[in-house]
Amino acid sequence: MKAAIFNGPNQPLELKEVPTPEPGAGQILVKVAACGVCHTDMHYIDHGVPTFKQPPLILGHEPSGIVAVVGEGVKNFKEGDKVLLPAVLTCGYCFNCRIGRENICDNMVMFGNHVDGAYAEYVLAPAKDTLHLPDEVPLIEGSIIADAVSTPYHAVVNRGQVRAGDNVVVFGCGGVGINAVQIAAAVGASVIAVDIVPEKLAAAKRFGANAVINAKEVERIDKIIKKMTGGGADVTFEVIGNPSTIQQAFSCIRKGGRTVVVGYTNKNVELPASKIMFFEQEVIGSLGCRPVDYPKIIEMARTGKIKIKELVTHKFPLEKINDAFDLLRSGDPTVIRSVVIP
Ligand code: APR
């Protein structure tokens with residue numbers, strides 16, 4: 001099969017012929033239809049973040065496809081089924097899996113990090129983690145449910161516990177944040193979207209934001225948000241990964257409000273402990289998505305409660321995968337998500 005190989009940092013992926021993997025017991029060989037192009041891959045390629053499996057490795061953790069071969073003992077899938085693979089596979093037996101928090105599994109395995117991913121014609125997956133994709137969800141664009149849509153679903157629904165009528169503020173309307181906007185809107189919240197790029201704010205409006213704020217054009221965002229929400233937001237989401245915007249997100253919540261940190265930073269953040277205590281304000285993290293939530297997200301996509309097709313702004317054949325990364329590097333504000341089609 002053709003695959004794009006990651007041979008190590010600071011070099012383009014190499015398109016190469018490699019052996020097609022064969023499914024063992026309980027596994028499925030999936031013919032990849034599409035795989036979303038994520039910033040996480042840029043961390044491996046450009047920023048020296050190590051992958052768990054030493055290169056050479058096939059990256060790509062946002063795949064959809066069609067079942068090509070089922071391994072021994074696989075019951076619920078057959079050749080030709082449309083499927084989605086979650087970005088992360090869970091063990092099912094560690095403490096966190098046992099208590100239903102599989103997204104923080106102690107033994108998690110990520111496609112294109114611990115094992116070969118889907119920038120290839122085929123990818124191997126355990127049947128237990130594979131999900132059926134209904135016909136109404138487009139196979140190509142549906143791939144991005146695997147990460148770009150599922151991560152904000154968990155953040156909004158489980159961690160943020162956003163309810164109908166809540167005032168929500170989303171800081172950062174990139175590939176992940178835009179989905180926090182549309183999922184919060186879909187569950188009935190009033191959403192204010194914050195970004196520094198006008199195109200991102202325009203997209204946030206198209207995806208359900210009731211109001212948008214360009215953070216570059218205001219001095220005290222907390223004051224503005226408190227005015228707009230009558231005292232502060234119920235829930236704010238930081239989807240950038242920056243200590244200063246985590247502080248901003250926290251400064252915008254009401255008494256008893258909650259800030260959910262979705263963006264990743266390895267830096268420390270200073271927050272007023274007095275408010276956490278005296279105003280019962282919460283700061284919580286959010287990582288990935290639990291397997292149990294995927295069917296709900298797929299159902300939201302199937303019934304049009306969330307938009308999927310519109311999120312995919314660029315498509316590249318596998319041969320042009322390095323162009324997809326160049327586009328990401330360029331910071332082109334019209335990009336919401338690119339997919340690679342092997
Ligand atoms: N204020 C408001 N918005 C900002 C600011 C700022 N100071 N700085 C950057 N942004 C906006 C950018 O303009 C962009 O639209 O934040 C957005 C970040 O989006 P992307 O770069 O597309 O990143 P994304 O893939 O959405 O991931 C965001 O979530 O899951 C995590 O690891 C991921 O840390 C990353 C974060």
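Reader: How many of the eleven residues of strand β3 (residues 27–37) are buried?

Author: This is a predicted model, in which local features need pLDDT of at least 70 and side-chain atom pairs count only at pLDDT 80 or more, while totals for chains, interfaces and linings use all residues. Residues are numbered from 1 along each chain as its sequence is written, and side-chain values use heavy atoms, with hydrogens and water left out. A strand is a DSSP run of E with at least two residues, numbered from the N terminus, and buried means under 20% relative accessible area (exposed is over 50%, partly exposed in between; 1.4 Å probe, protein chains only). Strand β3 is largely enclosed by the rest of the structure, because the count of its eleven residues that are buried is nine.

Reader: Which strand is joined to β3 by seven bridges?

Author: Two strands pair if DSSP finds at least two bridges between them. Five bridges join β3 to the antiparallel strand β9 (residues 122–126), where Ile28 stands opposite Ala125. Three join β3 to β18 (residues 337–341), also antiparallel, with Gly36 and Val339 as bridge partners. Seven bridges, again antiparallel, join β3 to residues 63–70, where Val32 has Gly65 as its bridge partner; that strand is β5.

Reader: Which side chain makes a polar contact of 2.6 Å with that of Glu62?

Author: Glu62 lies in the loop between β4 (57–58) and β5, and it counts as buried because its relative accessibility is 0%. A polar contact is a pair of N or O atoms within 3.5 Å; within protein, one must be able to donate a hydrogen and the other to accept it, and residues adjacent in sequence count only if both atoms are side-chain atoms. A polar side-chain atom of Glu62 lies 3.0 Å from the backbone nitrogen of Ala148. At 2.6 Å, the side chain in polar contact with that of Glu62 belongs to Arg337.

Reader: How many disulfides does the model contain?

Author: A disulfide is a pair of cysteine sulfur atoms within 2.5 Å. For Cys35, buried at 0% relative accessibility, the closest cysteine sulfur is that of Cys38 at 9.3 Å, which is too far for a bond. Cys105 is buried at 5% relative accessibility, and its sulfur is 3.7 Å from that of Cys91, the closest one, again too far. By this rule the count of disulfides is zero.

Reader: What share of the ligand's area does the protein bury?

Author: Of the 16 residues around the ligand, His39, Gly175, Val176, Asp195 and Tyr264 come nearest, where a residue is near if one of its heavy atoms lies within 4 Å. Oxygen atoms of the ligand lie 2.6 Å from a polar side-chain atom of Asp195, 2.8 Å from a backbone N or O atom of Tyr264 and 3.1 Å from a backbone N or O atom of Gly175. Accessible areas come from the Shrake-Rupley method with a 1.4 Å probe, and for residues only the protein chains shown count as cover. Taken alone, the ligand exposes 730 Å², of which the protein buries 75%.

Reader: In the open sheet of three strands, which are the edge strands?

Author: The strand order is β2-β1-β4, with antiparallel pairing. Strand β1 (residues 2–6) pairs with β2 over four bridges, and Ala3 has Lys16 as its partner there. Two strands pair on one side only, and these edge strands are β2 (14–17) and β4.
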